[in-house]
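Reader: I'm new to protein–DNA models and would like to go through one slowly. Could we take it in short questions?

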2 protein chains.
Amino acid sequence: MQEKSNRPYHHGDLRRTVIETAQQMLQEEKGWQFTLREVARRAGVSHAAPYKHFPDKSALLAELAALGFDQLRSEIAGALERPLRSARAEFVAAAKTYVQFGTANPSLYRLMFSGDVDKAAHVKLDEAGAGAFAELTGIIERGQASGAFKKHPVRGQAAAAWALAHGFTMLTIDGQLMAEKVGAKPLDAALMSMLEGLET
Amino acid sequence: MQEKSNRPYHHGDLRRTVIETAQQMLQEEKGWQFTLREVARRAGVSHAAPYKHFPDKSALLAELAALGFDQLRSEIAGALERPLRSARAEFVAAAKTYVQFGTANPSLYRLMFSGDVDKAAHVKLDEAGAGAFAELTGIIERGQASGAFKKHPVRGQAAAAWALAHGFTMLTIDGQLMAEKVGAKPLDAALMSMLEGLET
DNA sequence: TCTCCTATGTTGACAGTGGCAACTTGTGGG
DNA sequence: CCCACAAGTTGCCACTGTCAACATAGGAGA
């Protein structure tokens, strides 16, 4: 419109708006390959405005990934808050929450684990592995302490559990684990296999 | 140079040259986010020449991914060619070959499983899951037939095995499975866990 | 051998991108 | 009230993917 925008010259909260707009665009067809200019357009500012809040596009992507890790950790912690009856129940709850998060947010999950975000740009991304891994390590340690799990090296077991959850999430997002190919409840089957290896 | 290139007007084998050049560029820093114009420059042709062999950039990426799946399947088949003493040995050989392939070719492996290649563009990508999955299914079937593996639903077990191998590969490529975090031989630990679940 | 059609190159253009510099408009602190 | 800084805008550059029109072979058929 020829008439000036009624937004004042200073947006007031552009950093948050850019992040939220980018999060919305993650849900769209191009996933994290949206353009920063389109983010700026939707935020109602010029194409260069986001550069006052993020050094470059990669920094915005890193921020999105970091928020994703925050949310993942929060959901896993939430799943373990309720008193659980056994190490097995803890393990299953954490794993199912993990996979549920990834499959509910496929583009975000891909971004979180793409090589394209600059891990040096955001300390939270360094903590990414630490967070998920720490939860799993804790579950296995408690399981071994209670006698429910075999006393194998904890970190190797935790790596296996994380690899299984991560791999399952990625393959599901890719559409590689269709029911007609892998049966109706492949996650349950996968977790049972892993548990049979873990349990005494 | 002002002097004309000594390459004749018709390249003669440009499609193969574009593929090979792109494969080389996959090994470089930008991974599969190389530009088609740079591929054309390195191939010594104009920026539009590749469009006579590939409808668009995505089609070239799909071709690279398909060749990656060919190579992966070939390497797994090669690992299983030698007579193996047990179902366990088969399982370990296939899994280790899988992870070895992915960690030796990180950018190619990421491309193979990125959501960014158009699966409709190449029938081999549809077969991607079929190939790896068929190998794993075969190993588990043979293991169950010989009595080495428990008689659980095969496809669920195969899905678990694939998820573990895939997840382990992706996390390794991401640098998330450093030895100081997960111990010296995390893949061996992971495979042992899964095998303890599989074996009778 | 010639002609014609197709394959496969090239050139030029378009619309868009990421990101930078210089400038403009507030805002807040002293 | 003034000034320094934050946070906007405008304009530009070099590059991209892709398309259309044109140029140059190459091969098949008469």
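Predicted model: local features only at pLDDT ≥ 70, side-chain atom pairs only at ≥ 80, totals over all residues.

Reader: How many residues of the surface near DNA strand C are charged?

Author: Let's sort that surface by residue type. Nine of its residues are nonpolar and nine are polar. The remaining group, the charged one, numbers seven.

Reader: Which residue has a backbone N or O atom 2.9 Å from a phosphate oxygen of DNA strand C?

Author: Let's go through some phosphate contacts. A:Tyr51 uses a polar side-chain atom, at 3.3 Å from a phosphate oxygen. B:Gly12 uses a polar backbone atom, also at 3.3 Å. The backbone contact at 2.9 Å belongs to A:Lys57.

Reader: Why are the two copies related as by a two-fold rotation axis?

Author: Chain B lands on chain A with an RMSD of 0.1 Å, and the shift along the axis is 0.0 Å. The two copies are related as by a two-fold axis because the rotation that does this is 180°.

Reader: Which residue of chain B has the C-alpha nearest the axis?

Author: Stay with that axis and look along chain B. The nearest C-alpha is 1.7 Å away from the axis, and it belongs to B:Gly167.

Note on methods:
Residues numbered from 1 in each chain as written. Chains lettered and ligands numbered in written order. Heavy atoms only, no water. Least-squares fit on C-alpha atoms with pLDDT ≥ 70 in both. Polar contact = N/O pair within 3.5 Å; in protein donor to acceptor, adjacent residues only side chain to side chain. Nonpolar A, V, L, I, M, F, W, Y, C, P; charged D, E, K, R; others polar.
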